[in-house]
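Please keep the sequence and the structure at hand while reading.

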Amino acid sequence: KRTAKSNPWITAGLITSIDRKHELNDIWRKADREKCLNPAKPKRSDCLCENCKNVEHHRLEFANYRRSLNYLINCAKRKYHGQKISECSGDSKKTWQIINDLRGKKTRHIKPNFVINDERVTNRRVIANEFNKYFASLASNLNELYS
């Protein structure tokens, strides 16, 4: 999830901060398991007992840390992608490759290989039609089998 290959903008400092965020979340969840000391049992946010105040404090600490960490991660992403685009400012092909990677649009380099009737097929339309035939006839084949 946080590998340099999939997220090249993640630095060692960000990884440390992410680990701290997880620790704060664990502290908050552990405090949330403590029982309310108020016998009337109001909502946690309305209660004034020490345990509920502690839970609310840890929740706010975690939420603020998470918010600032998300801001830092987004800044690191913007900086990284801005540098990549400025590195290839004269080459429009490389610029569009970066833009398409950001959009999640990747080209396929390997064509799919399927064997239909002992014949290797790479045409996507033929493959799609064969899948359609198979799944369309599946119900009728099962009916014949169990009738």
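Helices, taken with at least four residues, and strands, taken with at least two, are DSSP runs that are numbered from the N terminus. With that numbering, the loop that holds Asn117 is the one between strand E1 (114–116) and strand E2 (119–121). The model discussed here is predicted, and the points below describe it as computed.

**Architecture**

- The protein chain contains 4 helices and 2 strands, and when these are read along the sequence they give the pattern α-α-α-β-β-α.
- Of the 147 residues in the protein chain, 20% are buried.
- Among contacts in the protein chain with a separation of 6 or more, 41% are made by residues 24 or more positions apart.
- The protein chain has an accessible surface of about 12,100 Å², and carbon and sulfur atoms hold 52% of that area.

**Nonpolar cores**

- The largest nonpolar core is made of 7 residues, namely Trp9, Ile10, Leu14, Ile18, Leu69, Ile73 and Ala76.
- Two elements, helix H1 (12–32) and helix H2 (50–87), each give two or more residues to this core, and the largest share, 3 residues, is that of H2.
- Leu69, one of the residues of this core, touches Leu14, Ser17, Ile18 and Lys21 when residues up to four places away in sequence are not counted.
- As a general point, nonpolar side chains in soluble globular proteins tend to be buried together.

**Buried histidine and cysteines**

- His81 is found in helix H2, and because its relative accessible area of 18% is under the 20% cut-off, His81 counts as buried.
- Once neighbours within four places in sequence are left aside, the residues in contact with His81 are Trp9 and Leu102; of these, Trp9 is also listed in the largest nonpolar core.
- Cys52 is buried at 2% relative accessibility, and Cys88 is likewise buried, with a relative accessible area of 9%.
- A search for disulfides across the whole structure finds 0.

**Nonpolar surface patch**

- Phe114, Phe131, Tyr134 and Phe135 together make a nonpolar surface patch of about 420 Å².
- Helix H4 (residues 124–146) supplies the largest share of the nonpolar patch, with 3 residues.
- Phe131, which is found in helix H4, counts as partly exposed because its relative accessibility is 41%, a value between the 20% and 50% cut-offs.

**The loop between the strands**

- Asn117 is not a glycine, yet it has a positive phi of about 55 degrees, and its relative accessibility of 72% makes Asn117 exposed.
- Asp118 lies in the loop between E1 and E2 and, although it is not a glycine either, Asp118 has a positive phi of about 60 degrees.
- With a relative accessible area of 79%, which is over the 50% cut-off, Asp118 is therefore exposed.

Methods
Residues numbered from 1 in each chain as written. Predicted model: local features only at pLDDT ≥ 70, side-chain atom pairs only at ≥ 80, totals over all residues. Heavy atoms only, no water. Disulfide = S-S within 2.5 Å. Buried < 20%, exposed > 50% of the residue type's maximum accessible area, 1.4 Å probe, protein only. Core = buried A, V, L, I, M, F, W, Y, C linked by side-chain atoms within 4.5 Å. Contact = heavy atoms within 4.5 Å. Patch = residues over 30% accessible without salt bridge, like charges linked within 9 Å, V, L, I, M, F, W, Y side chains within 5 Å. Areas by Shrake-Rupley, 256 points an atom, 1.4 Å probe, with all protein chains shown as cover. Salt bridge = Lys/Arg side-chain N within 4 Å of Asp/Glu carboxyl O.
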